[in-house]
Amino acid sequence: MMGEPSGDDPPFMEKYKNLLDDQEAMVGQAAAEEERELPLIDLGELDSAEEAAREECKRKIAGASREWGFFQAFNHGISPEILGEMTAEQVKLFRKPFSQRTKDVEFNFSAGSYRWGTPSATNIRQLSWSEAFHVQLSDVSAPTACPTHLSSTMTKFAEGTRELAEKLCKILGEELGEKSNYFEQKCWSKSSYVRMNRYPPCGPNHVFGLMPHTDTDFLTILHQDQIGGLHLVKDDKWISVKPKPNTLVINIGDIFQAWSNGIYKSVEHRVIPNQTKERFSTAFFFCPSDDTLINGYSQPSIYKPFTFGEYKRQVQEDVKNLGQKLGLLRFLISPP
């Protein structure tokens, strides 16, 4: 059954025993203030015969991206069958023995695709109680990849979410007065990726399933189960997002915030694991190629120009040296 914990979890307790024994650090984990629903948008309105309905839907998308950085979407065009297949294949993947999950070559994934915990964690606040397959789309579509039900399902999921991401990014650009095919030119299929997440149950230890962060991309599209656990910052408070069936969660990433000159918000979010039930989610990250120059759509920009590759390298360097991501703060022309 999907809700039953796996009998072969990563060795969290063994590897992170010293961090988990630090009770004083655990006390600092802030609870969410309340459970709230994200702005809910019917994307089917984009195909309405009424121009007024289409334009109102676009305004809602842009408004949520400015005020929340997040929204939930239904009638999004990705069939329930594809989403259901994706979840089922993901669950089967995580049901494989832990020793087999670590061997990426068995799944035709690049080395390092499978990840668990936080190797660089030096305290409990930096630990993520989760495991994931972080899969470049080039791994799925490569001519040498062996076709499997998993790869074909991932391909269908990725194609649907990529098309949706392109549509939403184009709308968000047009709402700023920027009408171009910028996103189609810069965000190739192979530069984006899919991340399959599993959050094992984690008793009353008060650890993060995924530590607080912002996404390093243009746009993220998330399909999650109904267990809950996604939190985000709204009005300087952590709130818990109430899951809604048959919806996708959409959020703005750092690169879109930089390109929009800070108009659209890349908002900090995290995952809190359930005490008794495992949680699954699948995310599509819409990314440009590494050599894409990110500069504000209008000038003067509040951020220094940078390439996507440069930004990723800086994030990795900060996480390694400081234990956390500084992100766009590194590129502000006038830092606070």
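Predicted model: local features only at pLDDT ≥ 70, side-chain atom pairs only at ≥ 80, totals over all residues.
Which order do the strands take in the open sheet of eight strands? The order is β2-β3-β11-β8-β13-β6-β5-β4, and the pairing is mixed.

Residues are numbered from 1 along each chain as its sequence is written, and side-chain values use heavy atoms, with hydrogens and water left out.

Back to the sheet: its edge strands are β2 (40-42) and β4 (114-116), each of which pairs on one side only. Neighbouring strands are turned by 25° against each other on average, direction ignored; angles here run from 0 to 180 degrees between N-to-C directions, with axes fitted to C-alpha atoms, for helices over the stretch in contact. In general, strands of a sheet pair through backbone hydrogen bonds, either parallel or antiparallel. Here β3 and β11 (residues 248-252) run antiparallel and are joined by four bridges, and Q72 stands opposite V249 in β11.

Helix α5 lies across several strands, including β4, β5 (131-136) and β6 (193-199), and runs at about 60° to β6.

Let me turn to single residues, for which buried means under 20% relative accessible area, exposed over 50%, and partly exposed in between, with a 1.4 Å probe and protein chains only. H269 lies in strand β12 (residues 269-271) and is buried, because its relative accessible area is 6%. Its side chain reaches the backbone oxygen of V267 at 2.9 Å, and, leaving aside neighbours within four places in sequence, H269 is in contact with residues that include F70, H213, D215 and W238.

Two loop residues deserve a look as well. N75, in the loop between β3 (70-74) and α5 (80-94), has a positive phi of about 50° although it is not a glycine, and N75 is partly exposed at 49%. D235, in the loop between β9 (230-234) and β10 (237-241), has a positive phi of about 55° and is exposed at 54%.

Definitions and conventions:
Polar contact = N/O pair within 3.5 Å; in protein donor to acceptor, adjacent residues only side chain to side chain. Contact = heavy atoms within 4.5 Å. Pairing = 2+ DSSP bridges.
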